[in-house]
Each structure stands twice: as C-alpha cells, then as structure tokens.
Amino acid sequence: MAFGRSRPAEEPPVEQVRWEAVHKFVIGSVERPLTAKRKRVVMGLTAVRVPKGGKDRRVLAPCAYPGSGLTLYEDPGARRLLCSVDAPEEVDGERRHVVRDAGGEPIGTIRRIAPRRPFKHTWRIDQPGHPEIVGRNEWAGGQGVLKAAMALADSAMGMGIEGGDQRSKPRTLEWRAGDRTVMVSGGGEEVTIRASWLDRRLAFAFALLGDR
C-alpha cells in the first residue's frame with residue numbers, strides 16, 4: 001500500500017467556445033485561475049476568454065485571439081480574421097473607431113467623447129439598426145458632481161501623502177440604450193453583456209481599445 005499525498009486528478013483540456021453568444025469575458029492569458037481545489041494558476045495564449053464551469057473547476061475558455069494591431073482572429077494561428085478596428089479619426093471633438101468584419105464591412109463605430117471636468121471621458125457605440133449605446137460611468141447620476149468632487153479631493157490628499165504616484169482604480173461603465181442596460185464593463189478588462197442583440201465583436205473591440 002502506497003502512502004503519501006495523492007496526486008490531483010488531471011483536468012481535461014479547455015475547449016474553445018463560440019463567440020456569437022458570449023455573455024461575459026475578459027482579455028488575458030489565465031486559462032485556469034486559482035480556486036479552493038486548484039492551487040496553481042495555469043496560463044495559456046492571450047485571448048478573449050469566457051468563464052465556464054463551477055467555482056472549484058472554473059476555467060477561462062478562449063473564443064477569439066488578438067493579432068497584430070487592433071485585430072481579432074477565430075484561431076490561435078491568426079488565419080481566420082474575426083474583426084478589426086480602424087485607426088482613430090478625430091471628428092467634431094470625438095475619437096472614432098470603425099469596427100469591421102472579416103470581409104472589411106463596417107459593423108459599427110466606437111466613439112470616445114472628450115472629458116468635461118470634473119468627469120472623465122465617456123463612450124458611445126453605434127450599431128446599425130439599434131439605438132445609440134451610451135457608456136455611463138459610476139458618477140453619472142443625481143449626486144454625480146458631489147461624488148466627483150469627493151474623488152478629486154481624495155486624489156489630491158493621496159498625491160500629497162504618496163508623492164503623486166497613486167494609481168486610480170479602474171472605473172465601472174454601465175452601457176445603456178434608452179432605459180435598458182446593454183453592457184457593463186470594468187476598466188475595459190471585464191465585460192458583461194446583457195442584450196442579446198449586441199454584436200459581440202463591438203464589445204470585444206472596446207476591450208481591445210481599453211478605457212483610456
């Protein structure tokens with residue numbers, strides 16, 4: 001009879017998932033995150049990754065892979081283009097990125113709106129056939145100005161104490177079309193999609209651009 005610690009059961013390979021119906025994703029290289037039953041992080045290729053499985057066996061399954069520039073591919077070998085993001089154009093004080101499908105046809109536009117103090121910049125997504133999607137930050141609301149002022153005061157105090165090298169935490173954006181929440185993003189790093197009609201490639205494109 002053998003004594004000692006038993007080896008953990010080998011986990012099955014992480015299969016790629018379809019991108020069309022993704023509801024939550026991140027862009028990163030972690031394939032198997034730490035859990036109560038998994039003591040080591042397993043890395044993979046940088047990809048658009050979708051959380052799957054239970055909390056103890058959670059995996060981040062790939063559905064698309066970044067290529068050179070602002071491009072995404074359906075395969076890790078970068079042979080099947082999924083979408084691409086044009087270089088920005090400055091139009092009426094906005095920075096606009098056209099998002100194109102594999103054939104080069106536009107599928108929508110992502111617009112970055114210049115900031116108005118004390119607020120940060122905001123975003124818009126235009127998808128043909130649907131209402132404009134407005135990215136609202138956590139300060140957008142009845143007490144927005146008060147929250148912004150408090151944040152600015154906290155930032156000034158932090159600069160005085162730490163020499164000005166503190167980094168602000170990523171903000172959460174709520175993306176709305178009219179009175180409906182279409183998407184929620186956290187710093188451009190984690191995105192949750194709530195509207196079935198949103199073209200996932202537009203959400204992926206925003207994550208590639210990042211909230212900056």
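This is a predicted model: local features need pLDDT of at least 70, side-chain atom pairs count only at pLDDT 80 or more; totals for chains, interfaces and linings use all residues.

**A loop, some rings and some charges**

Guide: V41 sits in the loop between β1 and β2, the latter spanning 42-52.

Visitor: Noted. Is V41 buried or exposed, or partly exposed?
Guide: V41 has 34% relative accessibility, so V41 counts as partly exposed.

Visitor: Which residues make a nonpolar surface patch with V41?
Guide: L34 and M43. With V41 they make a patch of about 280 Å².

Visitor: Let's zoom out. How many helices and strands are in the chain?
Guide: Two helices and 13 strands.

Visitor: And what share of the residues is buried?
Guide: Buried residues are 38% of the 212 in the chain.

Visitor: On to rings. How many aromatic pairs does the structure hold?
Guide: Three. Take F25 and F204: the ring centres are 4.9 Å apart and the planes stand at 90°, so this pair is edge-to-face.

Visitor: Where do F25 and F204 lie?
Guide: F25 is in strand β1, residues 24-32. F204 is in helix α2, residues 200-209. The pair links distant parts of the chain, 179 residues apart.

Visitor: Why does F25 count as buried?
Guide: Because F25 has 0% relative accessibility, and buried means under 20%. F204 also comes out at 0%, so F204 counts as buried.

Visitor: What geometry do W175 and F206 have?
Guide: Edge-to-face, with 4.8 Å centre to centre and 70° between the planes. W175 is in strand β11, residues 172-177, and F206 is in helix α2, so the pair ties together parts 31 residues apart in sequence. Both W175 and F206 are buried.

Visitor: Which residues form a cluster through ring pairs?
Guide: W123, W175 and F206.

Visitor: Switching to charges. How many salt bridges does a search of the whole structure find?
Guide: The search finds 15. One is between R32 and E11, with the closest N and O atoms 3.3 Å apart.

Visitor: What does the R32 and E11 pair tie together?
Guide: R32 lies in strand β1 and E11 in the segment before β1, so the bridge joins parts 21 residues apart in sequence. R32 is buried, with a relative accessible area of 9%. E11 has 22% relative accessibility, so E11 counts as partly exposed.

Visitor: Which residue forms a salt bridge with E31?
Guide: R49. The closest N and O atoms are 3.7 Å apart. E31 is in strand β1 and R49 in strand β2, so this bridge ties together parts 18 residues apart in sequence. Both E31 and R49 are buried.

Visitor: What is the N to O distance for R79 and D75?
Guide: 3.6 Å, in a salt bridge between the two side chains. R79 is exposed, at 66% relative accessibility. D75 is buried, with a relative accessible area of 3%.

Visitor: Last one. Which residues are linked in a network of salt bridges?
Guide: E94, R96, R111, D126 and E132.

Note on methods: Residues are numbered from 1 along each chain as its sequence is written. Side-chain values use heavy atoms; hydrogens and water are left out. Helices (H or I, at least four residues) and strands (E, at least two) are DSSP runs, numbered from the N terminus. Buried means under 20% relative accessible area, exposed over 50%, partly exposed in between (1.4 Å probe, protein chains only). Rings of Phe, Tyr and Trp (its six-membered ring) pair if their centres lie within 6.5 Å; planes under 30 degrees apart count as stacked, over 60 as edge-to-face and the rest as tilted. Patches are made of residues with over 30% relative accessible area and no salt bridge: like charges are joined within 9 Å, nonpolar side chains (Val, Leu, Ile, Met, Phe, Trp, Tyr) within 5 Å. Accessible areas come from the Shrake-Rupley method with a 1.4 Å probe; for residues, only the protein chains shown count as cover. A salt bridge is a side-chain nitrogen of Lys or Arg within 4 Å of a carboxyl oxygen of Asp or Glu.
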